[in-house]
Amino acid sequence: MKRGRTGLLIFIVVLFGLALWVVLPNQGILGRKGFTLGLDLQGGSRLVYSANLSEKDPSQTDAEALAGVKQTIERRVNAYGVSEATVRIMQNEQGSFIEVQLPGVKDIDEARKLVGRVAELDFREQVFNATGNTTWVVAKALGSDGQEKELTGKYFKPNAAVALNPNTNAPEVAFEWDAEGAVLFKNITTRNLNKPLGIFLDNELISAPTVQAVIEAKGIITGLETLQRAKTLAIQLNSGALEVPLTEIGRSDVGATLGADSLNKSRLAGIIGLAMIILFMIIYYRVTGLVACLALIVYAVLNLAIFKLIPVVLTLPGIAGFIVSIGMGVDGNVLVCERLKEELRRGSTLERAVEQSFRQSWSAIWDSNVTVFIACAVLLWLGTRTMFANPTVTGFATTLFIGVALSMFTQVVVTRAFLRTVVSVGLAKSPRAYGVSKT
Amino acid sequence: MIDFVGKKQWFFLISAILIILGIISLAVFGLKWGVDFSSGTAITLQFEKEVDLAQLRQQLTDLGYDRATIQPTAEAEFFIRLQEISSEEYTQLKEGLEAGLATNITDSNLYTVSATIAMATVRNTVIAVVIASIGILLYISWAFRKMPKPIRWGTCAILALLHDLVIVIAIFSILGWVAGMEVDSLFVTGVLGVVGISVNNIVVVFDRIRENLKRGVSSDFGVVANCGIMESVGRSLNTGLATLFVIVALYLLGGATIHTLILALLVGITTGIYSSLCIAGQLLVVWEKGEWSALLPWAKRPA
């Protein structure tokens with residue numbers, strides 16, 4: 001055996017070993033993690049909002065306002081404790097959209113309120129209008145710089161916290177004013193002593209406590225129905241209000257058990273399918289088939305390792321894409337096997353037949369796979385344009401693309417190295433071992 | 001040796017019948033658009049104990065959803081398709097069903113899409129299919145640039161590809177009408193997968209024809225093409241079979257969520273094998289030799 005070939009064989013074995021080590025589900029060693037699963041496999045919720053940019057602060061550009069919304073939502077979901085949540089901005093001629101993915105979230109209704117609300121808090125005082133009725137008007141006061149300002153949640157320190165009222169046990173949110181807020185609040189409470197002061201969230205009255213003393217440093221918001229509501233409000237106050245209002249235009253939830261069920265089913269299907277391919281290849285192509293299957297296993301493990309390392313978010317369509325790419329990987333091997341049979345029938349020596357079969361099948365493998373790449377590229381483009389169907393489309397295209405690219409590599413490097421080894425070591429010499437009947 | 005090229009009239013006739021039937025089905029029944037394209041809400045509900053379908057339908061009607069379509073997907077599990085409902089209505093619906101059916105909902109999936117998104121999806125999908133076809137046409141024309149008329153190779157590949165796509169879409173139209181099969185974004189993904197796989201098959205056959213042409217197997221292009229097709233039969237059937245093993249396993253075991261994707265691939269791969277062996281090369285022969293009458297099934301068969 002030539003030295004270069006031995007080196008290549010060792011390289012393949014080492015690569016395979018490393019890949020296997022990455023793939024095996026042994027967690028926690030040297031920071032190895034499991035596969036990144038999409039919402040459809042691990043359960044969770046996906047929300048798509050349309051951003052109403054006409055209500056943005058005129059001094060901001062659209063991009064700034066959207067980036068602000070994204071950051072605010074990220075702060076909120078992080079504080080809520082959703083690990084691996086993702087927030088993405090999508091803009092096209094239909095408008096501007098924000099997509100929020102919340103993997104593993106349990107209480108979706110609460111999460112929706114947390115994410116989607118503007119959460120602008122303001123304080124209002126009662127004013128008698130001309131007809132003698134009372135209306136709520138946003139309280140204004142002179143700030144430290146002598147300018148009149150509205151009293152809103154903007155002046156809170158970001159340390160609002162949930163507390164339980166010691167007497168009634170009702171949930172409350174305690175907050176502290178920053179320096180400017182303290183000045184404003186002192187002015188306003190002085191003016192409204194023994195009068196009600198309304199606390200409004202997104203123009204909705206939460207509570208209207210009566211001012212009992214002049215306060216400047218801190219305050220308490222009561223009138224929250226549940227503890228969860230109080231927690232949500234505290235997170236929103238600490239993360240700040242959204243720059244523009246959002247409208248929910250799409251929602252998809254996957255239950256955790258239904259997701260796990262899909263994962264198990266497709267895993268089983270994949271294993272059975274792969275086993276059938278291996279059986280078929282060995283029966284039909286004998287030695288070449290066996291070699292191709294070994295290469296196929298190397299390929300599958302390398303592929304899974306890449307999914308883990310990048311990491312690729314695995315979704316159901318993504319798994320389907322992976323499986324289709326296995327089919328295409330088989331295709332390359334079938335092309336080589338068929339050529340090998342032909343060469344042997346023509347009476348070539350085994351060594352020559354192996355070399356020829358790779359050389360001649362390459363143009364077909366390359367040209368046909370490029371067309372798959374074109375289809376994948378278009379699917380990926382489609383994924384950036386479709387807000388909602390996005391994970392299905394991109395999931396399939398990504399795994400198919402990686403799979404097909406890798407299959408070309410394993411074909412040229414792995415299958416060929418294996419076949420050359422089998423031939424040069426003299427493991428199988430009769431053409432019959434390659435599925436060629438005596439002519 | 002089987003004469004694939006000589007029997008081309010028959011192949012064209014079979015395909016023509018299939019395509020015409022497909023177009024009729026599409027014209028009469030159309031496609032049953034899923035949530036992605038038509039907007040609306042799709043729910044999967046898993047109940048704690050077995051629920052009677054008729055009872056579930058009655059409960060939904062009582063809740064005001066009399067136009068809901070319901071399909072059982074597994075034991076005590078149902079797929080329900082409704083008009084677009086708000087999150088508040090969804091919560092009320094679940095609570096209403098739990099009360100009315102006297103059982104708990106143990107798990108649920110929800111997929112709701114508004115009309116804005118649905119319209120954008122339809123538009124982008126059409127653009128994507130067109131771009132993919134043009135891209136593949138250009139690539140094949142380039143890959144076969146050393147052939148005398150490369151654009152013919154590209155065009156024939158695209159025609160054979162469209163043949164497969166029409167049949168896949170037509171089968172979904174029939175299934176939509178017979179079995180309520182909906183067309184969703186996963187279907188589109190499957191169709192574009194078919195685009196890749198189908199062209200893959202055609203290119204392998206064309207590659208063989210190109211090779212035989214270079215070798216000068218015969219001066220008759222029909223013979224050259226037939227040799228190329230013959231040499232690809234083993235590969236096409238074997239690859240197709242190997243892929244179909246996995247696809248069928250996925251279809252039977254893989255859960256209802258990806259059925260449209262898998263089914264599109266199943267049909268597409270099957271017709272892809274047929275079109276690569278019986279249509280693509282034959283179209284090229286017709287064009288190269290100018291035998292346009294072969295496209296008409298009633299034309300006199302050459303002796």
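Predicted model: local features only at pLDDT ≥ 70, side-chain atom pairs only at ≥ 80, totals over all residues.
**Leu121(A) faces its bridge partner Leu201(A) in S10(A).** Residues are numbered from 1 along each chain as its sequence is written, with chains lettered from A and ligands numbered from 1 in the order in which they are written. Strand S4 (residues 121-128) of chain A and strand S10 (residues 197-201) of chain A run antiparallel and are joined by 5 bridges. Helices (H or I, at least four residues) and strands (E, at least two) are DSSP runs, numbered from the N terminus; two strands pair if DSSP finds at least two bridges between them. These strands belong to an open, antiparallel sheet of 4 strands, ordered S5-S4-S10-S11 in chain A. At its edges are strand S5 (134-138) and strand S11 (204-207) of chain A, each of which pairs on one side only. Axes are lines fitted to C-alpha atoms, for helices over the stretch in contact, and angles run from 0 to 180 degrees between N-to-C directions.

**Backbone exceptions in two loops of chain A.** Most residues other than glycine have a negative phi, and most peptide bonds are trans. Asn194(A), which is not a glycine, has a positive phi of about 65°. Asn194(A) sits in the loop that connects helix H5 (179-191) with S10 of chain A. The peptide bond from Ile310(A) to Pro311(A) is cis, its omega being near -15°. Pro311(A) is part of the loop between H7 and helix H8 (316-345) of chain A.

**An open sheet of 8 strands contains strands from chain A and chain B.** Its order is S2(A)-S3(A)-S1(A)-S13(A)-S4(B)-S1(B)-S3(B)-S2(B), with antiparallel pairing. Strand S2 (86-92) of chain A and strand S2 (69-74) of chain B are the edges; each has a single partner strand, so one side of each lacks a neighbour in the sheet. Neighbouring strands are turned by 20° against each other on average, direction ignored. Within chain A, strand S1 (residues 44-51) pairs with S13(A) in the antiparallel sense over 8 bridges. In that pair, Gly250(A) of S13(A) stands opposite Val48(A). H7(A) packs on the sheet, touching S13 of chain A as well as S1 and S4 of chain B, and its direction makes about 85° with that of S4(B). H4(B) lies across S13 of chain A and S4 of chain B, at about 150° to S4(B).

**Strand S13 (residues 246-254) of chain A pairs with S4(B).** The two strands are antiparallel and share 4 bridges. Asp253(A) has Leu110(B) of S4(B) as its bridge partner. Over the whole interface, 57 residues of chain B are in contact with 63 residues of chain A; contact means that the C-beta atoms, placed from the backbone, lie within 7 Å. On the side of chain B that touches chain A, the elements giving two or more residues include strand S1 (40-47), helix H4 (87-101), strand S4 (105-113) and helix H5 (115-143) of chain B. H5(B) makes the largest contribution to this side, with 13 residues. The residues on this side of chain B comprise 28 nonpolar, 25 polar and 4 charged. Ala, Val, Leu, Ile, Met, Phe, Trp, Tyr, Cys and Pro count as nonpolar, Asp, Glu, Lys and Arg as charged, and the others, Gly among them, as polar. The model scores ipTM 0.83 and pTM 0.82.

**Domains of chain A and the contact between domain 1 and domain 2.** Chain A is assigned domain 1 (3-37 + 255-434), domain 2 (39-117 + 248-253) and domain 3 (121-242); the bounds come from an automatic or database domain assignment. The C-alpha centres of domain 1 and domain 2 of chain A are 37 Å apart. Their contact takes 12 residues from domain 1 of chain A and 10 residues from domain 2 of chain A. Helix H7 (residues 256-309) of chain A gives the largest share of the domain 1 side, 4 residues.

Chain B divides into domain 1 (8-34 + 116-295) and domain 2 (40-113). Their C-alpha centres lie 39 Å apart. Contact between them involves 4 residues of domain 1 of chain B and 5 residues of domain 2 of chain B. Helix H6 (residues 150-179) of chain B has 30 residues and, at 1.5 Å a residue, should span 44 Å, which agrees with the 43 Å between its end C-alpha atoms. The expected span is 1.5 Å times one less than the number of residues. Gly180(B), which follows H6(B), has a positive phi near 70°. Chain B averages a pLDDT of 86, and 96% of the residues score at least 70; pLDDT is the predictor's confidence in each residue, from 0 to 100.

Terms used
Contact = placed C-beta atoms within 7 Å.
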